[in-house]
Number of protein chains: 2
Amino acid sequence: MPGKNRKRVLRASLAGGFAAAAASVALPGPGCFLTTAGAGRKSGSVLSGSRSSLPLWPHRCVPGGPVPNRVTAGRRRATGIDEIAGGLGLGELAGAGAAAAALGIAAEMFQIGGGAPEKSTTDEQQTRSNGTVVHERLCDPNDGPDSVRGRFEMICAEAQEKICKTIEDFDGKATFSRERYLKDAGGGGVSRVLRNGEVFEKAGVNLSVVYSQMPAEALRAATTKAGKETGLKLEPGEKVPFFACGLSCVMHPKNPFCPTMHFNYRYFATEFGVWWFGGGTDITPSYLDVEDMKHFHGTYKNVCDQFDPSWYPRFKKWADEYFLIPHRGETRGLGGIFFDDFNSQTPEEHMRFSRNCLNAVTEAYLPILKKHRNRGFSEKQKDWQQIRRGRYAEFNLVYDRGTVFGLKMLKGGAGRIESILMSLPETARWEYCHVPEEGSPEAEIMDAFKNPREWV
Amino acid sequence: MPGKNRKRVLRASLAGGFAAAAASVALPGPGCFLTTAGAGRKSGSVLSGSRSSLPLWPHRCVPGGPVPNRVTAGRRRATGIDEIAGGLGLGELAGAGAAAAALGIAAEMFQIGGGAPEKSTTDEQQTRSNGTVVHERLCDPNDGPDSVRGRFEMICAEAQEKICKTIEDFDGKATFSRERYLKDAGGGGVSRVLRNGEVFEKAGVNLSVVYSQMPAEALRAATTKAGKETGLKLEPGEKVPFFACGLSCVMHPKNPFCPTMHFNYRYFATEFGVWWFGGGTDITPSYLDVEDMKHFHGTYKNVCDQFDPSWYPRFKKWADEYFLIPHRGETRGLGGIFFDDFNSQTPEEHMRFSRNCLNAVTEAYLPILKKHRNRGFSEKQKDWQQIRRGRYAEFNLVYDRGTVFGLKMLKGGAGRIESILMSLPETARWEYCHVPEEGSPEAEIMDAFKNPREWV
């Protein structure tokens with residue numbers, strides 16, 4: 001196993017125009033593995049994500065595992081747990097891309113994915129072998145396992161593992177690929193993508209850790225609070241160093257009666273001590289099933305109500321407003337919860353809320369898929385789903401805060417296009433002047449897109 | 001015939017969120033018809049667009065034709081040729097939408113289509129019956145048939161008719177719908193769309209005439225010249241009245257070996273006497289055929305060379321730069337010509353150049369389609385075409401100057417979403433981390449997208 005793990009293949013950039021030199025490098029040394037109950041999908045076991053049963057970091061350190069690539073573009077940088085755990089791995093990598101990630105917040109904190117194209121690994125053995133699943137820390141060693149940063153990364157990593165495993169089991173056919181990438185400026189990510197499954201056309205779950213800086217203006221735009229609390233301390237154009245960590249996901253099923261689902265939970269902190277949490281989970285059906293919406297919204301209402309009964313109505317409204325496609329006068333889907341600039345509680349409490357929201361994802365979503373996954377559908381119904389996917393693409397490309405910001409950052413050389421646009425559907429459709437027939441199921445849900453409703 | 005023509009059906013808005021009241025109104029009175037050599041598609045005849053054989057305006061006025069709807073939202077406005085030609089038609093229309101088109105430049109001048117959703121007609125009889133094709137003027141009567149505005153409208157209207165007819169003949173199965181719309185602020189448009197043809201998945205040709213105003217900043221952004229010559233005279237925020245007229249088109253064939261083609265020719269004039277022409281024709285294949293590119297670029301090189309041998313290299317380079325997708329580091333297609341802020345010649349000369357470019361569209365494009373329309377293709381090749389369509393959608397939604405501006409205007413209530421987004425492909429595809437196989441035909445054309453070449 002260690003032998004297999006030692007070969008790390010750094011992939012050529014997949015994003016055109018941001019190509020960096022491809023290189024292979026063998027990295028020796030031990031790594032740190034998280035042990036799960038079972039290795040294979042067929043075992044049906046998933047990584048236990050409950051807080052009580054797992055230490056925040058790490059589950060078990062297995063000597064002989066791989067180490068992350070810690071040398072990029074000729075300079076060494078500290079990366080992760082292997083150093084904390086005594087790992088000694090070191091690899092020299094020449095010419096692995098020089099694009100700076102100075103403004104690399106990209107889309108990863110808002111939407112899905114991010115990272116630098118210049119160095120990434122796809123070696124499955126790095127992360128799963130003989131019943132072990134590894135999460136090599138992406139946080140800097142200074143942000144140790146007990147820090148809010150280190151703990152939030154672990155919450156996201158556990159949720160990613162757990163959700164992907166559950167989705168694989170549910171799909172029964174396809175599995176998630178895994179790609180880990182590091183950034184010159186620090187941090188990195190783990191992109192997991194499932195394609196052409198039994199149930200899912202495309203599903204992606206992306207973990208990101210970002211060390212970067214952004215202009216004061218961008219920070220002000222990103223958050224009201226930071227604008228008030230941090231931006232004012234800065235001259236125009238001055239850069240604000242920040243940390244961000246998040247997990248984001250989009251799942252597009254094949255069956256038009258199975259809704260698309262998206263979530264994103266993230267933590268931001270600036271060097272000025274300002275921090276906040278953001279995120280949400282939302283659902284995008286092509287056909288209205290009121291019971292489904294009661295279940296989905298009800299699940300998140302329950303999660304919210306355990307903290308504060310005012311949260312669900314507030315975050316539900318926020319989602320309806322955020323996921324509006326202004327040029328259509330309709331929402332992308334039927335909402336859920338969305339929040340940002342959120343720091344009214346202790347970090348502990350916010351992390352607990354994020355984790356509970358993440359833990360609720362499959363509970364909120366899968367019963368709906370289970371109900372509809374085997375329903376027959378007509379070509380017309382498939383076309384309607386595709387038209388709604390076109391709307392999804394419109395929203396993501398034109399309005400989604402993270403995508404728009406990420407694409408702008410890419411022009412400057414930062415970010416990873418495939419991660420930023422992973423949220424796009426695999427297929428989409430635009431029909432000129434398509435209007436659902438009056439009284440049809442398509443018109444029924446269109447009414448809900450135009451006039452957001454209360455479901456619970 | 002006149003009886004049939006008298007019924008004008010005003011359609012309900014098709015754009016969600018911008019819906020206005022639908023109404024039907026019967027309009028009496030004569031109209032002005034342009035006579036073509038043949039009425040039906042099967043006759044194979046097309047409207048002759050050669051400059052020498054046709055007066056600039058109008059071909060022949062046929063009493064008894066329809067008149068445009070000239071009353072909107074309860075107020076009368078002068079619309080067109082029927083008044084010049086002595087038409088007396090008048091219809092009262094109550095409640096036909098109140099959305100102002102104050103900032104209604106929308107996308108129509110850059111990309112494709114535009115207009116206000118509040119009043120449009122689809123009655124085929126209005127425009128074609130017994131061998132006649134009508135173009136009811138959209139220009140204000142003050143901009144008469146001999147003015148540059150009136151003449152450029154006519155150049156565009158003739159080209160629209162001619163191109164649609166030729167494309168219908170070539171397709172052999174589907175025909176173009178026709179929708180005429182007027183704007184409260186003046187002007188309007190004629191949208192023509194063909195769907196699900198033998199050759200074409202979707203083809204749209206849109207004529208627009210816009211009377212509007214834009215903030216000085218927007219004008220400065222729209223054109224370097226206006227920024228220098230007009231913007232400086234204005235206070236920030238001050239509105240600049242302008243006129244614009246243009247014809248734009250996108251054609252998406254079904255066969256992956258048949259390229260998508262786009263063109264757009266436009267004329268802008270502000271009340272401060274600044275005017276310019278812009279436009280271009282570009283081609284977007286999914287597979288590279290060097291001979292095709294030689295033919296397409298060669299055709300436009302010939303058109304340019306008749307005016308100035310420096311134009312083709314200049315406009316070819318401009319197209320390569322304009323149609324870049326920065327976040328991919330690749331161009332949308334294989335270019336053609338593109339120009340803007342162009343007023344170095346007399347308006348006469350510019351109009352002649354625009355017309356020659358428009359006349360060259362089918363000559364440049366159809367031989368390529370003819371060569372490939374019956375080629376067999378695999379699912380993989382179709383998927384690749386769909387992936388390139390995804391890139392097309394990315395460019396149009398994220399970067400296209402007209403689309404981006406049009407969507408912004410829509411938020412303010414102006415424009416017509418279906419016209420603005422008519423340029424989107426009917427179907428598109430995104431595959432995570434898709435990279436063409438080395439040495440494959442897909443990789444071959446990708447190289448040309450990344451490294452623009454000289455074709456002639």
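This is a predicted model: local features need pLDDT of at least 70, side-chain atom pairs count only at pLDDT 80 or more; totals for chains, interfaces and linings use all residues.
## The interface between chain A and chain B

The size of an interface is often given as the accessible area lost when the parts come together. Here chain A and chain B bury about 3,500 Å² between them, and 61% of that area is on carbon and sulfur atoms. Three residues, A:His327, A:Trp430 and A:Tyr432, supply 24% of the area that chain A buries against chain B, which is more than any other three residues give. In terms of contacts, 40 residues of chain A are in contact with 40 residues of chain B.

Between the two chains there are 13 residue pairs in polar contact, with both residues of each pair at pLDDT 80 or more. Several elements of chain A each supply at least two residues of the side that touches chain B, namely β10 (187-195), α10 (379-399), α11 (401-411), α12 (417-420) and β18 (427-429). Of the side of chain A that touches chain B, α10(A) gives the most, with five residues. Sorted by class, this side of chain A has 20 nonpolar, eight polar and 12 charged residues.

## Salt bridges

Side chains of opposite charge can pair when their charged atoms come close. Over all chains, a search of the whole structure finds 58 salt bridges, and the count between chain A and chain B is six.

| Salt bridge | Closest N and O atoms |
|---|---|
| A:Arg195 and B:Glu431 | 3.7 Å |
| A:Arg195 and A:Glu426 | 3.0 Å |
| A:Lys316 and A:Glu454 | 3.5 Å |

A:Arg195 forms a salt bridge with A:Glu426 in its own chain. This pair links distant parts of the chain, with A:Arg195 in strand β10 of chain A and A:Glu426 in the loop between α12 and β18 of chain A, 231 residues apart. A:Arg195 is partly exposed, at a relative accessible area of 33%, whereas A:Glu426 is buried, at 3%.

The pair of A:Lys316 and A:Glu454 likewise links distant parts of the chain, with A:Lys316 in helix α7 (residues 311-322) of chain A and A:Glu454 in the segment after α13 (441-450), 138 residues apart. A:Lys316 counts as buried at 2% relative accessibility, while A:Glu454 counts as exposed at 59%.

In chain B, B:Lys317 and B:Glu321 both lie in helix α7 (residues 311-322), four residues apart, about one turn of the helix. B:Lys317 counts as exposed at 51% relative accessibility, and B:Glu321 is partly exposed, with a relative accessible area of 48%. Elsewhere, salt bridges that share partners join A:Arg195, A:Glu426, B:Asp383, B:Arg429 and B:Glu431 into one network.

## A buried asparagine in a loop

A:Asn255 lies in the loop between β12 (239-253) and β13 (260-270) of chain A. A:Asn255 counts as buried because its relative accessibility is 5%, under the cut-off of 20%. The side chain of A:Asn255 reaches the backbone oxygen of A:His372 at 3.3 Å, and a polar atom of that side chain lies 2.7 Å from the backbone oxygen of A:Arg375. Leaving aside residues up to four places away in sequence, A:Asn255 touches A:His372, A:Arg373, A:Asn374, A:Arg375, A:Phe377 and A:Gln385.

Terms used: Residues are numbered from 1 along each chain as its sequence is written. Chains are lettered from A and ligands numbered from 1 in the order in which they are written. Side-chain values use heavy atoms; hydrogens and water are left out. Contact means heavy atoms within 4.5 Å. Buried area is the accessible area (1.4 Å probe) that two parts lose on being put together, summed over both. A salt bridge is a side-chain nitrogen of Lys or Arg within 4 Å of a carboxyl oxygen of Asp or Glu. A polar contact is a pair of N or O atoms within 3.5 Å; within protein, one must be able to donate a hydrogen and the other to accept it, and residues adjacent in sequence count only if both atoms are side-chain atoms. Ala, Val, Leu, Ile, Met, Phe, Trp, Tyr, Cys and Pro count as nonpolar, Asp, Glu, Lys and Arg as charged, and the others, Gly among them, as polar. Buried means under 20% relative accessible area, exposed over 50%, partly exposed in between (1.4 Å probe, protein chains only).
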